[in-house]
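Here are some notes to read with the model open beside you. Take the points one at a time, and find each part on screen before moving on.

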Amino acid sequence: MKISRLETIHVRPRWLLVRVHTDTGLIGLGESSLEGRSLTVETMIREMSRWLIGQDPRRIEHIWQHLHRGSFYRGGPIHCSAMSGIDMALWDILGKHLSAPVHQLLGGRVRDRIRVYAWTDAGTSDDYVNAVRDLRDNCGLTAFKYNATGMMRPLSNPAALQAAVDRLGALRKIAGPQVDIAADFHGRLTLPDAKRLTKLLEPHQPMFIEEPILPGDADGLREIAESTCIPIASGERLFTRWQFQELIEKRAVRIVQPDLAHAGGISEVRRIAAMAESRDILLAPHCPLGPVALAASLQIDATCPNFFIQEHVTLGETLLKEPFGVEAGYIKVPDGPGLGIEMDESKLTNEQFDGIWDNPRFTAEDGGFAEW
Ligand SMILES: [Mg+2]
């Protein structure tokens with residue numbers, strides 16, 4: 001079997017799908033969405049296709065090594081997102097070729113259902129409360145994540161910190177003790193404020209705190225982790241095992257959050273998960289992206305003993321023949337061949353767009369730049 005062609009498709013709202021075609025007619029599906037940079041990733045995939053065409057798609061590791069190391073320069077969000085979608089598509093081809101789900105090719109599933117959480121973003125605390133009520137009562141969800149703070153000054157006053165405490169307090173009140181709540185700090189806080197706020201949130205027992213500070217400061221994260229009983233999570237902006245190594249070795253977080261569409265695909269996230277397992281660190285793949293990235297994540301979640309919970313923002317209603325279903329907070333492990341999903345071609349045609357999508361911009365109190 002040989003790779004004959006690579007195809008990229010931009011679909012709303014901001015997703016970049018990759019189709020790897022073969023000379024046998026089998027087509028593998030992957031997702032390389034990189035928020036705000038998908039057009040650049042598409043160009044990278046086109047460049048990678050020059051070497052890929054003619055390769056045997058079943059040699060997944062061989063191809064991974066070539067894509068990662070072959071251009072001399074390696075790593076980073078553009079390169080790794082391009083590779084990630086291609087890697088997913090290769091696993092999809094192999095699964096379809098062998099009539100087996102990817103999780104079976106990875107050693108078989110260690111669980112039957114995957115616990116999921118939803119992302120919710122809203123303007124005011126009241127909006128958050130309504131959103132959480134809707135997720136719990138209408139979507140069958142038992143866990144969600146929200147934006148923990150508004151824009152923050154480098155060193156906040158007690159009122160700004162108290163507003164964040166009140167927001168979580170209101171959510172805990174409506175959600176009750178049975179529902180898990182994760183607080184995403186989005187790297188908006190400085191180290192001292194992250195420690196202060198984490199301490200103040202402790203009585204409301206969030207499931208975890210995500211990106212209390214920006215990625216890249218493993219020592220800072222460890223300092224926060226040592227100062228609180230709330231588990232710290234990070235990793236959505238890290239790529240390949242080499243960037244996760246320090247976090248894991250230093251036990252700077254209790255939960256790693258590689259993104260299947262950014263961190264190096266199924267092949268690499270399986271390795272990151274195993275590295276985390278060796279330090280008793282949990283896996284909670286990041287996935288604010290499309291249903292193909294979610295499908296790839298579910299395959300990994302099914303096989304990793306240290307899997308904890310899966311993020312999702314869509315069940316694939318706009319693209320899949322059979323969207324995923326959530327029951328009592330869980331998605332059943334997909335059992336179809338490959339990634340276990342099928343595109344609805346007419347939905348796909350309807351959702352295509354030019355790929356132009358910009359990250360929202362935020363302004364600090366003084367008119368300067370503020371983190372998303
Ligand atoms: Mg996040």
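1. Start where the two domains meet: 31 residues of domain 1 are in contact with 26 residues of domain 2. Being in contact is defined by C-beta atoms, placed from the backbone, that lie within 7 Å. On the domain 1 side, β2 (15-22), β3 (27-31), α2 (60-69) and α3 (77-98) each supply at least two of the touching residues. The largest share, 14 residues, comes from α3. By class, this side has 16 nonpolar, 10 polar and five charged residues. (Ala, Val, Leu, Ile, Met, Phe, Trp, Tyr, Cys and Pro count as nonpolar, Asp, Glu, Lys and Arg as charged, and the others, Gly among them, as polar.)

2. A word on what you are looking at. This is a predicted model, in which local features need pLDDT of at least 70 and side-chain atom pairs count only at pLDDT 80 or more, while totals for chains, interfaces and linings use all residues. Residues are numbered from 1 along each chain as its sequence is written.

3. Now look at the open sheet of three strands, with the order β1-β2-β3 and antiparallel pairing. Helices (H or I, at least four residues) and strands (E, at least two) are DSSP runs, numbered from the N terminus, and two strands pair if DSSP finds at least two bridges between them. The edge strands, β1 (3-11) and β3, each pair on one side only. Neighbouring strands here are turned by 20 degrees against each other on average, direction ignored. Between β1 and β2 there are eight bridges, and the bridge partner of I3 is T22 in β2.

4. Which helix lies across β2 and β3? That is α3, running at about 145 degrees to β3. For such angles, axes are lines fitted to C-alpha atoms, for helices over the stretch in contact, and the angles run from 0 to 180 degrees between N-to-C directions.

5. Next, find strand β5 (residues 143-147), where four of the five residues are buried. (A residue is buried if 20 or more other C-beta atoms lie within 10 Å of its own, exposed if 12 or fewer, and partly exposed in between; C-beta atoms are placed from the backbone.) Three bridges join β5 to the parallel strand β4 (residues 113-120), with W119 partnered by K145 in β5. Five bridges join β5 to strand β6 (residues 180-184), also running parallel, and F144 stands opposite I181 in β6.

6. Follow the chain through β5, helix α6 (residues 158-175) and β6: together they make a right-handed β-α-β unit. Right-handed is the term used if, with the strands pointing away from the viewer, the path from the first strand over the helix to the second runs clockwise.

7. Finally, visit two loop residues. K250 sits between α9 (240-249) and β9 (255-256), and it counts as partly exposed because it has 14 C-beta neighbours inside 10 Å. Leaving out residues up to four places away in sequence, K250 touches A218 and R222. R279 lies in the loop between α10 (265-277) and β10 (282-283); with 15 C-beta neighbours inside 10 Å, R279 counts as partly exposed. Beyond its neighbours within four places in sequence, R279 is in contact with I248 and R251.
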